[in-house]
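Hi there,

Here is the structure I promised to pass on to you. Have a look at it first, and then read on for my notes.

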Amino acid sequence: MPDTKKKFEKKGSRGMDEIAKTLFAPIYPVIAENLIQKFGITTGTCVDLGSGPASLSIAVARQSYLTVIALDYSRDMHEAAERNINEAGLSERIRLLCGDVHAIPLDDDSADLIISRGSMFFWDDIHTAFREIYRILKPGGKTYIGGGFGNKDLRDEIATAMIKKNPDWEEFNRKNISPENVERFRTMLDEIGVPDYEIILGDEGFWIVISKKEPGAL
Ligand code: SAM
């Protein structure tokens, strides 16, 4: 098993579930609100890539009428996600899908909204992953893929607590949002020929917004 995947099994999945329910808990409703307000997409299918314990999937389902597909390649994460979804009473609205972002087991043009938080920094081959994302995105759809904590206050509060917990976290976070990393994603999007995208880098986080035009639209 590749090292990155091992990180999210057993102890790793328990740690992520724990932090998502405590320190990170306030960020998910804020991120959901940010993206729903930005795009106004409230119905159809939303795919959450690298959904982990499904906290963002749950927040999006609560604030919209979207049906959410929570995709992750870690079965342990899915076990935690299943418990959380059931506790939230959302098992009719959120479906778990075991899969890898490098070969997404979904049809072309099938997702109205594709979201992902804190996962893309672990993907082995971002060109393949984003080709897959563009393939499953419905014309008229949007993506909100990246990382962040929703707003400045939450970011500052979480950064202070995370650095206390794990001094390596500061460097990991700094690298993720560094100009070189942003450039790496921009270059990749240009190389795979995504015609319409925007990169957000600010208090809400680092997010890649891809728009797929309706056929025939200018
Ligand atoms: N999105 C969740 C959140 O913000 O609470 C979880 C974030 S956790 C840091 C990263 C997640 O991405 C893990 O659940 C991991 O299993 C998943 N992941 C990483 N690489 C993946 C891949 N190639 N395919 C599917 N899932 C992946």
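What pLDDT does the protein average, and what share of the residues score at least 70? This is a predicted model, and the average pLDDT of the protein is 95, with 99% of the residues scoring at least 70. For the complex, the predictor gives an ipTM of 0.99 and a pTM of 0.96.

**Overall fold**

The protein has nine helices and seven strands. Along the principal axes, its C-alpha atoms fill a box of roughly 50 × 40 × 35 Å. The radius of gyration is 16 Å, which agrees with the value near 17 Å that a compact globule of 218 residues would have. Buried residues account for 37% of the 218 residues. If you take the contacts between residues at least 6 apart in sequence, 74% of them join residues at least 24 apart.

**Around the ligand**

This may be the part you want to open up in your viewer. The ligand is surrounded by 20 residues, and the closest are Phe8, Gly50, Gly52, Ser74 and Ser119. Two elements, α2 (10-21) and α4 (55-62), are the ones that give two or more residues to this shell. By class, the shell around the ligand divides into nine nonpolar, eight polar and three charged residues.

**Two backbone angles to check**

Most residues other than glycine have a negative phi. Lys10 sits in helix α2 and is exposed, because the count of other C-beta atoms within 10 Å is 11, and 12 or fewer makes a residue exposed.

Ala54 belongs to the loop between β1 (45-49) and α4. Is Ala54 buried or exposed? Ala54 counts as buried, since 29 C-beta neighbours lie inside 10 Å.

Helix α9 covers residues 179-191, which makes 13 residues. From first C-alpha to last, α9 reaches 18 Å, close to the 18 Å expected at 1.5 Å a residue. How many of the 13 residues of α9 are buried? The count is zero, and α9 is hardly covered. Just after α9 comes Gly193, with a positive phi of about 80°.

Val182 is a residue of α9. With 16 other C-beta atoms within 10 Å, Val182 is partly exposed. Leaving aside neighbours within four places in sequence, Val182 is in contact with Ile199, Leu201 and Phe206. Val182 and Arg14 are 168 residues apart along the chain, and their C-alpha atoms are separated by 30 Å.

Ile199, one of those contacts of Val182, is found in strand β6. Ile199 counts as partly exposed, with 14 C-beta neighbours inside 10 Å. Beyond its neighbours within four places in sequence, Ile199 is in contact with Val182, Phe185, Arg186 and Ile208. For Ile199 and Arg186, 13 residues apart in sequence, the C-alpha to C-alpha distance is 7.9 Å.

**Two loop residues**

Glu204 lies in the loop between β6 (197-202) and β7 (205-210). Why does Glu204 count as buried? There are 21 other C-beta atoms within 10 Å of Glu204, and a residue is buried if that number is 20 or more. Which residues is Glu204 in contact with, leaving aside its neighbours within four places in sequence? They are Asn34, Gly148, Gly150 and Asn151. Of these, Gly148 is 56 residues from Glu204 in sequence and 6.0 Å from it in space, C-alpha to C-alpha.

Gly40 is in the loop between α3 (27-39) and β1. Gly40 is exposed, with 7 other C-beta atoms within 10 Å. Gly40 and Ser13 are 27 residues apart in sequence, and 32 Å lie between their C-alpha atoms.

Happy to talk any of this through once you have had a look.

Best wishes

Definitions and conventions: Residues are numbered from 1 along each chain as its sequence is written. This is a predicted model: local features need pLDDT of at least 70, side-chain atom pairs count only at pLDDT 80 or more; totals for chains, interfaces and linings use all residues. Helices (H or I, at least four residues) and strands (E, at least two) are DSSP runs, numbered from the N terminus. The expected span of a helix is 1.5 Å times one less than its number of residues. The radius of gyration is taken over C-alpha atoms; the globule rule is 2.2 Å times the number of residues to the power 0.38. Two residues are in contact if their C-beta atoms, placed from the backbone, lie within 7 Å. A residue is near a molecule or strand if its C-beta atom, placed from the backbone, lies within 6 Å of it. Ala, Val, Leu, Ile, Met, Phe, Trp, Tyr, Cys and Pro count as nonpolar, Asp, Glu, Lys and Arg as charged, and the others, Gly among them, as polar. pLDDT is the predictor's confidence in each residue, from 0 to 100.
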